[in-house]
Amino acid sequence: MSEKIRIDVPNVPKFNPVAPYSTAIKAGDFLFITGQVSTDQTNQIIGDGDIREQVRQIFRNLGEILHAAGADYSDLVKLVYFYQHIDDVAKLAGVREEFLSEPFPAVTGVEIARLADKKLLVEIDAIAWKP
């Protein structure tokens, strides 16, 4: 059995954690990244009301976490988007391509009742594979 390694990244914010958690866990060749929202290093929400800008900030946060774990965007294999409004999916055309290239990770999108702050429109968690 592989060892689990906690990955914490000082310059990636933890938005109002209600319980202790790890930013990411490396287990074997996999990296499991806790859901990210569009906050910067000062815990300020980026992209208030603009889902495209929120997703860009989330991908910047994901990039920092991946880098800290010795991985990069090309190692992402699964993304789960948690949307306040599932209709916002259509607004995101082209945003992921600013950060990712083919083959794109597998993706799941889920509409949820609410996020930690009413200004947040999306949260994304991720799984990366780095053999």
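Visitor: In β6, which residue is the bridge partner of Val80?
Guide: This is a predicted model. Within it, strands β4 and β6 run antiparallel and are joined by 7 bridges. In β6 (residues 122–129), the residue that partners Val80 is Asp125.

Visitor: What is the order of the strands in the open sheet?
Guide: The sheet is open and has 6 strands, with mixed pairing. At its edges stand β1 (4–7) and β5, each with a single partner strand, so one side of each is left without a neighbour in the sheet. Neighbouring strands are turned by 15° against each other on average, direction ignored. The order is β1-β2-β3-β6-β4-β5.

Visitor: Which strands does α1 touch where it packs on the sheet?
Guide: Helix α1 covers residues 51–68. Its direction makes about 30° with that of β6. The strands in contact with α1 are β1, β2 (24–27), β3 (30–36), β4 and β6.

Visitor: Is Glu64 buried, partly exposed or exposed?
Guide: Glu64 lies in helix α1, and its relative accessible area is 32%. Buried means under 20% and exposed means over 50%, with partly exposed in between. Because 32% falls in that middle range, Glu64 is partly exposed.

Visitor: Leaving aside neighbours within four places in sequence, which residues are in contact with Glu64?
Guide: One of these residues, Asn11, is 53 residues from Glu64 in sequence. In space, the C-alpha atoms of Glu64 and Asn11 are 7.8 Å apart. With the sequence neighbours left aside, the contacts of Glu64 are Val9, Asn11 and Val12.

Visitor: How do the lining residues of the second largest pocket divide into nonpolar, polar and charged?
Guide: This pocket has a volume of about 190 Å³. Its lining includes Val55, Tyr81, Tyr83, Arg96, Glu97 and Gly109. The elements that give two or more residues to this lining are β4 (76–83) and β5 (106–111). The lining divides into 8 nonpolar, 2 polar and 2 charged residues.

Visitor: What is the volume of the largest cavity?
Guide: The count of cavities of 30 Å³ or more comes to 1. The largest cavity is lined by Lys26, Asp29, Phe30, Leu31, Ala69, Ala71, Ala128, Trp129 and Lys130. Its volume is about 30 Å³.

Visitor: How many residues in the lining of the largest cavity are charged?
Guide: Strands β3 and β6 each supply at least two residues of this lining. Among the lining residues, 6 are nonpolar and no residue is polar. The charged residues number 3.

Terms used. Residues are numbered from 1 along each chain as its sequence is written. This is a predicted model: local features need pLDDT of at least 70, side-chain atom pairs count only at pLDDT 80 or more; totals for chains, interfaces and linings use all residues. Side-chain values use heavy atoms; hydrogens and water are left out. Helices (H or I, at least four residues) and strands (E, at least two) are DSSP runs, numbered from the N terminus. Buried means under 20% relative accessible area, exposed over 50%, partly exposed in between (1.4 Å probe, protein chains only). Contact means heavy atoms within 4.5 Å. On a 1 Å grid over the protein atoms alone, a cavity is a set of points where a 1.4 Å probe fits but cannot get out, and a pocket is an open set with protein on both sides within 12 Å along at least five of seven lines; lining residues have an atom within 4 Å of a point. Grid points are joined across faces, edges and corners, and a volume is the space filled by probe spheres set on the points. Ala, Val, Leu, Ile, Met, Phe, Trp, Tyr, Cys and Pro count as nonpolar, Asp, Glu, Lys and Arg as charged, and the others, Gly among them, as polar. Two strands pair if DSSP finds at least two bridges between them. Axes are lines fitted to C-alpha atoms, for helices over the stretch in contact, and angles run from 0 to 180 degrees between N-to-C directions.
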